[in-house]
Each structure stands twice: as structure tokens, then as C-alpha cells.
Amino acid sequence: MVTRLKGHYGSGIEANSYLGQNFMAVDASLIPELLQVLRDQEQFDYLVDVTAVHYPQREKQFDLVWILYSFERNERIRVKTMIADGASAPSVVAIWPAANWLEREVYDMFGIQFDGHPDLKRILLPDGWKGHPLRKDYGIIQQDQEWVQINLGIESGQ
Amino acid sequence: MIDRTMIDRTVTDRTTTDQAMTDRTSHLELEQHDKTFLDSNELIINMGPQHPATHGVLRVILKLDGEKVLGTECVIGYLHRGVEKIAEHRTYSMFNPYVDRMDYVAAVSNGLGYCEAVEKLLNVEAPPRARYIRVILTELNRLASHMLWLGTHALDIGAITPLFYTFRDREEVLKIFEKYCGARLTTHAFRIGGCLYETYEGFEREVKKFLDFVTPKINEYEELLTTNRIWVERTKGVGKISAKECVALGVTGPVLRASGVKWDLRKAQPYAAYADFDFEIPTGQNGDTYDRYLVRMQEMRQSLRIIDQAVGKIPEGPIIAKVPKVMKPAVGEIYHSIEAPKGELGYFIVSDGSTQPYRVRVRPPSFVNLQALDMMVRGALVADVIAVIGTLDIVLGEVDR
């Protein structure tokens, strides 16, 4: 499968395996097309998860990860791409409706925008919250003090 | 003193409003012949967050046309504690008890998933004895989780009796947990590399006794519900979801199986010691609330079957593998998932070579399954929303993390 995809997309794809688990590092520009191909032609019909990892010291700060599973092949694959802070990623809601809440959570926790998402807003934190807690520069006891003071009436903001 | 003119004016005002109302009604009638004035009123109401039938702090905003649900929106996050953030500031073994607090009615499953994920990252394997103990406790926990689900789900729909029965019998499972590791709910039963505790004196005998005790009880629950006319009418055809929709929405667990997909991670990608046991994957056909009920009842029987096979032949040997005291997995990423009582529970762990994980992502089954709620209740009645929330078997601790 990988050789087939590589033949088609050239050097934009790098396939690898770690501890028996396969993953592909893909150029961000190829993502929407590649994911569509994976679902339509390679039977990866179940989107398990969408998540991100923050590397603040890198130039392209975020790793965006899609975990896919195929019932047909009983196989799992991870697709990874790097995107810069402030850049937006393509939404896959049109390919897998399951991505809706998962992308909202990534947006909520990392502040990554998804192009084409039907209703991109915070999901776990309140709407007016400032900051994205799973970024590495967000401290573990940090809170949106203003929000806490106004909405919970706690003076210290903690 | 009453001002006469004021009253007169009010009376005139009312007449004009009445006139306006009649005008508007007739206008509406011209537009929509099949709707009366009252029916065309759209109503937005809140269900929860403090509502006993939402199983925790879930707020569902319902858009209603009379009794009919036009659409829903879930507001979640009331129990958000930032579990994934906490993980980045704890060592691998320090984070272990935190995972119990996600799906707190199936804490053993959460712990199993996490321990196995870290073991994979460390490239160690739990010894056979530990894996058997893990299977027994996890399946007991699946039973406890399904019993709690059955009791509360039936209570929501109006059958009060099953709640008392299931809680009484779930207590026996919790007693075994308590004797094994000291805790009843958030057990922290397993450690990375195996188990910390050896089974107690008479463990196998007690588990066997429990199996003999609980097998007829499951038949008893079924007698109360399966052919009960009220139960059947409240659940049959309610909250239908097809196999295709399940896959598209990422729904897993009993909900997926009730739609006819024979898929269970215990069989598809066996972990722990599940490859050694003989058991079936129960499936349904219609994907409605009734089928999901039947599937879970069958699953409880299959769990008993697995425990019965495992308890007779727990291998001798060590219960924990050689794991360094200070765990520093090599740089890399791993995704490992298990079949929790609610569906696929996955852990995606990124290691940067230090003692603390660089990132832990939990793929919670309840969160993803809850997404299907909107699709399942559209066009149904308000009372069906309760049935569907119950049948999805969500735990808000896991949805919000």
C-alpha cells in the first residue's frame, strides 16, 4: 500500500514503523487528498482519533495525528503531519463525521484551526475561556483568571 | 383609587391583540395546512446539567416541536479536570491511578489499557499469571459496569426493580475487588509490568462462588425485562442507528455490535490473555435500544464464560515483569487500545525519553459515542432521549476527562 501511495505522491510521504505500529509522516499539503484516498481506496473507514502534540522549540510547532482503522484489513495506521502555529489544518468532517467533536477538542486544547469544520468552537472548556491548556507554554495550575473571577466569583482567580 | 380610563385602555388593547393573533393564525394556516397554531411553536429547553436521567453532568439543549425532537446540542466539559495535562507532569507510574477516575465504573479496564500501553512503549510483557489475573478482574469489572448500566437505564425508563437487583449483585463484584486490592471503585489494581498484589487466599474459590451466584441472577433480570411489554414498547425501534452510521461516527462497543457489526477488540486484536479463551461476540440486527439491551445481556454471559475458563487455570509464576524503578522509555510514540465496557478505549503516548510522558492522549469511547446522540434522537420524542442517553452507556467522567 505504502509503495503504491509513494509512487503516486512522491517524496511527500515517509512511511515508518515503531514497535510494530505503522505510521506515515505526510506533507501537510497532501493531507486532505491522502486521507480521502485512504478511506475510499484502502478501506480505512473508521477514524479512531484525531489529536495533536505540541513541540514549542520546533519551527512547525504542532504534530497533527489521525489514527485510522480498517475493519476489512484489521489494521491500524497513524497519519502525521507538521503544521506551524497559527496555520490551519484541513477538516476531515466531510470524510468521517466522527471528526466533528475530535477536531473541536483539538481546537479547544491546542488552538489549531480546522478549515471547513461546520461548527468549530470550544467543547470542554467554556466558550469565553482564554488560552489553550495542552500547549506546552500553558502552566499546569494556570487558569483564565478573569473568567474565574467573573463567572465563579473567586477573587484569587484560582 | 381605580383609574377608569386605564382599565378601558387595557380592554381595548387586549381586543387588538386578539385580533392580531387571529390574523397571524389564519396566515399560518394558509401556509401550513397540516399544522395547528400550537404545533408550529418551536421550543428550546435544557435537559441537565442537573438531571438524574443524564447520568451525570451532561447538558443537552433540545429543540422541540411539541413532543418531537428537532435537534439537540450537547454541552459537555463540566467534569473536565485536564487529565491529559496532568499526565505530562507526572511520571509514568504516578499517572496510573488518575486513569481510574475517567470511567469510574470500569476503573479496572482503564488501568489495564494504560498499563498495557506503557508496557508496549517499554517493550516489556506482563507474565502469564499477571495476564490471567488481569483478564479475570477486567471481566468482573465489565459485569459490574453492565449491571450498573442495566439498573440505571431501566430506572430511567420506569422499571424500578432491576436497579435493586443489579446493585445488590454488583456489590459482590466490588467485594472481590476490595479483598484483592483494598479499593472498591477506583481500584488501581494493576501496575506497569503486571500486578502488584498476589491473589488472596481463596480468591479462585470466591470467584467461582460468585459465578454460580450470578448466573441465575442474569436470567432473573431478563425475566423482568426481555418480554415485558412496557419495556419492549419503550425500547424497540427507539434510537436506531445503522452499521454504516456507526462506523462513520466512530461508534464502538455494544452500540456498534447491536447494529450488526461483529467486531470486538478482544477478538480482532487480542491483548492480555484473551487469545486463550473461547467466547462469542454477541450481535444484534436492528441497532435499536432493545437490541443494545440484548447484546449487553449476552455480553455479561460471555464475560462469565471467560472468567470461568480463566479461573480454573491461572498459571503459576511471577506476577510482575522486570521493570526498572525509574521508567524511561525510548523516544517514540505508541497507540494501544482495549475493549472497555463502553467501546474502544485507546491511549496514545508520546515519550521524549524522560521519566514523564511527553503527551498522553486518551481516546475515550463515551466521548465519541455521545456524538451519535443527535443523530439517534432526531424525530423521536422527548421520552426517547432519556432512553437513548441510557442506552449509549456514557460516563461523564470519561467524556470530560
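The model is predicted.

The contact between the chains draws 31 residues from chain B and 25 residues from chain A. On chain B, several elements each supply at least two residues of the side that touches chain A. Three of them are strands: strand 6 (332–340), strand 7 (343–351) and strand 8 (359–363). Helix 2 (83–87), helix 9 (243–249) and helix 13 (365–370) of chain B contribute in the same way.

Within chain B, two helices pack against each other. Helix 4 of chain B spans residues 107–122, and helix 5 of chain B spans residues 128–157. Their axes lie 8 Å apart and form an angle of about 140 degrees. Angles over 145 degrees would count as roughly antiparallel. Helix 4 of chain B and helix 5 of chain B are therefore oblique to each other. From helix 4 of chain B, the contact involves B:Val108, B:Ser109 and B:Leu112. These meet B:Arg134, B:Leu137, B:Thr138 and B:Asn141 in helix 5 of chain B. By class, the residues of this helix contact comprise three nonpolar, three polar and one charged.

Chain B also holds an antiparallel strand pair. Strand 1 (residues 42–47) of chain B joins strand 2 (residues 59–65) of chain B over six bridges, in the antiparallel sense. Within this pairing, B:Asn46 stands opposite B:Ile61 of strand 2 of chain B. Strand 1 of chain B is hardly covered.

In chain A, strand 4 (residues 62–70) has seven of its nine residues buried, so it is largely enclosed by the rest of the structure. Strand 4 of chain A pairs with two other strands of chain A. With strand 3 (residues 46–54) of chain A, the pairing is antiparallel and runs over eight bridges. Here A:Tyr46 stands opposite A:Tyr69 in strand 4 of chain A. With strand 5 (residues 75–83) of chain A, strand 4 of chain A forms nine bridges, again in the antiparallel sense. A:Phe62 has A:Ile83 of strand 5 of chain A as its bridge partner. Strand 4 of chain A and strand 5 of chain A form a hairpin with four residues between the strands. In this hairpin, A:Asn74 adopts a positive phi near 50 degrees.

Notes
Residues are numbered from 1 along each chain as its sequence is written. Chains are lettered from A and ligands numbered from 1 in the order in which they are written. This is a predicted model: local features need pLDDT of at least 70, side-chain atom pairs count only at pLDDT 80 or more; totals for chains, interfaces and linings use all residues. Two residues are in contact if their C-beta atoms, placed from the backbone, lie within 7 Å. Axes are lines fitted to C-alpha atoms, for helices over the stretch in contact, and angles run from 0 to 180 degrees between N-to-C directions. Angles under 35 degrees count as roughly parallel, over 145 as roughly antiparallel, 65 to 115 as roughly perpendicular and the rest as oblique. Ala, Val, Leu, Ile, Met, Phe, Trp, Tyr, Cys and Pro count as nonpolar, Asp, Glu, Lys and Arg as charged, and the others, Gly among them, as polar. A residue is buried if 20 or more other C-beta atoms lie within 10 Å of its own, exposed if 12 or fewer, and partly exposed in between; C-beta atoms are placed from the backbone. Two strands pair if DSSP finds at least two bridges between them.
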